[in-house]
Amino acid sequence: MLERTVTIVSHERDAESYFRLVLKAPDVAPLIQPGQFAHVRILPMKDALLRRPFSIFQVGKDTFSILYKNVGKGTDVLSRMRVGEELSVIAPLGNGFTVPKPGGETPLLVAGGYGMAAMFLLAQRSPQKGIVFVGGRRRVDILCEKDFAAIGWEVRAATEDGSHGEKGFVTVPLLAEIKNSKLKTQNLKLFACGPTPMLKAVGKIAEDFNLPAELSMDEHMCCGVGTCLACVIKVKAGDSWEYQRTCTEGPVYDSREIVWEVAK
Amino acid sequence: MNLSVQIGKLRMQNPVTVASGTFGYGAEYARLIDVNQLGAVTVKGIRLNPVPGNPIPRTAEVTSGMLNAIGLQGPGVDGFIKKYWPFLRELKVPTIINIWGTTVEEYAEVARRFDVLGGVGALELNVSCPNIKEGGAQFGTDCKLLSQVVAACRQATTLPLITKMSPNVPNIAVLAKAAEDAGSDALAVTNSFPAMAIDIHTRKPKLANVTGGLTGPAIKPIAIKLVWEAAKAVKIPIIGMGGIQSADDAIEFLMAGATAVAVGTANFYEPQTALQVIAGIRDFMERNKISDVREITGSVQLPQK
């Protein structure tokens, strides 16, 4: 991990309230592994002090990018920042996804909303092409289809309002694929990033079909480097459980390790 | 130019440490800053046995600050010694260990355990955490209990004792004096302020614990006043803290009567803050031809009556 003041080299609206932000970070970019995140201090914010964690989307030679949704105070200020302005980042952080080995598992990626951003690098670096399943409320929430298509990945979308792809949750096309797979089920592995209820559903599918699954857990985060103990989740430890820091021991966990809390 | 200060027997190479709970156990930030530049490292609160901590969400951002209700999650004395002490022991700068218990006896036992460990810089008695049901703040808001805790720890160890004061008292001077009289070598002023925030869309409190402690720049002026009041009441040194994010903030605490300062919440958003504060104090001294940082302590000039 490095702390760097970085310059915005590109900042474009993706769709509606989604934005793509590219940062010049020559010594950070080569360190990034799929599923890791950047902890960003939005310097123009003076009364909202904490950094915001973002999954790393794409990595260039001396840049990395994030794909974010304007959801609140921090991302609203961020969305108005321009090329040439500076941000402070601590990155790369956390333990990312395990990239499949050549000839190893076929990855099935499952994303909800901007969780799609966390999956791109994994798809790009996986020696086997798999399928990416993406869910969202409406058509506009289905991101990056073209980016995945450009690297030869098949995208299967599901929307809750049926405006794009199948109608329903992302687990609908995922389950259909697993049940009818021409791919051998014993050689599939699930990777997921999205809202907690979706992750829990993917964990259940992994259990039902005895598939390995890596889930990227999203918890309320503060310091991002393991000191504040804010972003903890319950993880199995022997016969009991312990709190682990999603920023440091996570954010990616084997689905079998997670102790699911009752829905909030 | 002298930046070093004494907190009882503890010598700090400069007057800047970090607030307990905002710096983990030192190693986490060692990857981002040179912790050997600090005056001391202060670690998160330790009681005798491991503590799981509170349910999530444990933190919430508020205007110019944050709420936390971590619940003093920690590894206990044995876990701390095994897991974190090997790193801290090798540092060139002293470690201040924040300790707590649910009984007077437990405080004393933890103090004794760290006394025999050897190599500890000082113990900070946490009698002011607002986020745990037993222990914590009940000892810091009752004069008699506070005296008992400090006296019991005094009996248990010759290590410097720093009593971390609760801000949630009608008159900090009385409690500050009680801690001094019971044998405390210094005071840390202040801990977080009991506070609450509500999500208006869900109508739920933003913290699972319902209430938490407010920290960050929002509390600084209140903390300055508490340091000023405590400093007038005691002769022992004070470590001032509460919302410090720049050298100017730190100097304000020194002028109010603090001998040293601690950077807290700012570590979370800018890990370089403590080092920037040290550099900034040095600059201030050069610009104002101050040769000894101790000259700044208590130098606030009050209006003549």
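Visitor: In which loop of chain B is B:Pro57 found?
Guide: The model discussed here is a predicted one. In it, B:Ile56 and B:Pro57 are joined by a cis peptide bond, with omega at about 0°. As for its place in the chain, B:Pro57 is in the loop between β4 (41–46) and β5 of chain B.

Visitor: What is the phi of A:Cys144?
Guide: A:Cys144 is located in the loop between β8 (131–136) and α3 (145–150) of chain A. The residue is not a glycine, yet its phi is positive, at about 65°.

Visitor: Which residue of β14(B) is the bridge partner of B:Met66?
Guide: Strand β6 (residues 65–68) and strand β14 (residues 211–215), both of chain B, run antiparallel and are joined by three bridges. Across this pairing, the partner of B:Met66 is B:Thr215.

Visitor: In what order do the six strands of the open sheet in chain A come?
Guide: The pairing in this sheet is antiparallel. Neighbouring strands are turned by 40° against each other on average when direction is ignored. The order is β4-β3-β6-β1-β2-β5.

Visitor: Which residue in β2(A) stands opposite A:Thr7?
Guide: Strand β1 (residues 2–15) and strand β2 (residues 18–24) of chain A are paired in the antiparallel sense over seven bridges. Opposite A:Thr7 stands A:Lys24.

Visitor: How are α6(B) and α7(B) oriented: roughly parallel or roughly antiparallel?
Guide: Helix α6 (residues 143–156) and helix α7 (residues 172–181) of chain B have axes 8 Å apart and pack at an angle of about 25°. Angles under 35 degrees count as roughly parallel. The arrangement of α6(B) and α7(B) is therefore roughly parallel.

Visitor: How many nonpolar, polar and charged residues has the contact of α6(B) with α7(B)?
Guide: The crossing of these two helices is right-handed. From α6(B) the contact takes B:Cys143, B:Leu146, B:Ser147 and B:Val150, which meet B:Val174, B:Leu175, B:Ala178 and B:Ala179 in α7(B). By class, the contact comes to seven nonpolar, one polar and no charged residues.

Visitor: How are α4(B) and α6(B) oriented to each other: roughly parallel or roughly perpendicular?
Guide: Helix α4 (residues 104–117) of chain B packs with α6(B) at an angle of about 30°, and their axes are 8 Å apart. Since angles under 35 degrees count as roughly parallel, α4(B) and α6(B) are roughly parallel.

Visitor: Into how many nonpolar, polar and charged residues does the contact of α4(B) with α6(B) divide?
Guide: α4(B) passes α6(B) in a right-handed crossing. Residues of α4(B) in this contact include B:Tyr107, B:Arg112 and B:Asp115, while those of α6(B) include B:Gln148, B:Cys153 and B:Gln155. The division is eight nonpolar, two polar and two charged.

Visitor: What is the radius of gyration of chain A?
Guide: Chain A contains five helices and 15 strands. For its 264 residues the globule rule gives 18 Å, and the chain comes close to this, so it is as compact as a globular protein of that length. The radius of gyration of chain A is 18 Å.

Visitor: What is the radius of gyration of chain B?
Guide: Chain B has eleven helices and 16 strands. The globule rule gives 19 Å for 305 residues; the value for chain B is close to that, so this chain is as compact as a globular protein of that length. Its C-alpha trace spans about 50 × 50 × 45 Å along the principal axes. The radius of gyration of chain B is 18 Å.

How values were computed:
Residues are numbered from 1 along each chain as its sequence is written. Chains are lettered from A and ligands numbered from 1 in the order in which they are written. This is a predicted model: local features need pLDDT of at least 70, side-chain atom pairs count only at pLDDT 80 or more; totals for chains, interfaces and linings use all residues. Two strands pair if DSSP finds at least two bridges between them. Helices (H or I, at least four residues) and strands (E, at least two) are DSSP runs, numbered from the N terminus. Axes are lines fitted to C-alpha atoms, for helices over the stretch in contact, and angles run from 0 to 180 degrees between N-to-C directions. Angles under 35 degrees count as roughly parallel, over 145 as roughly antiparallel, 65 to 115 as roughly perpendicular and the rest as oblique. A crossing is left-handed if the near helix is turned anticlockwise from the far one by less than a right angle, and right-handed if clockwise. Two residues are in contact if their C-beta atoms, placed from the backbone, lie within 7 Å. Ala, Val, Leu, Ile, Met, Phe, Trp, Tyr, Cys and Pro count as nonpolar, Asp, Glu, Lys and Arg as charged, and the others, Gly among them, as polar. The radius of gyration is taken over C-alpha atoms; the globule rule is 2.2 Å times the number of residues to the power 0.38.
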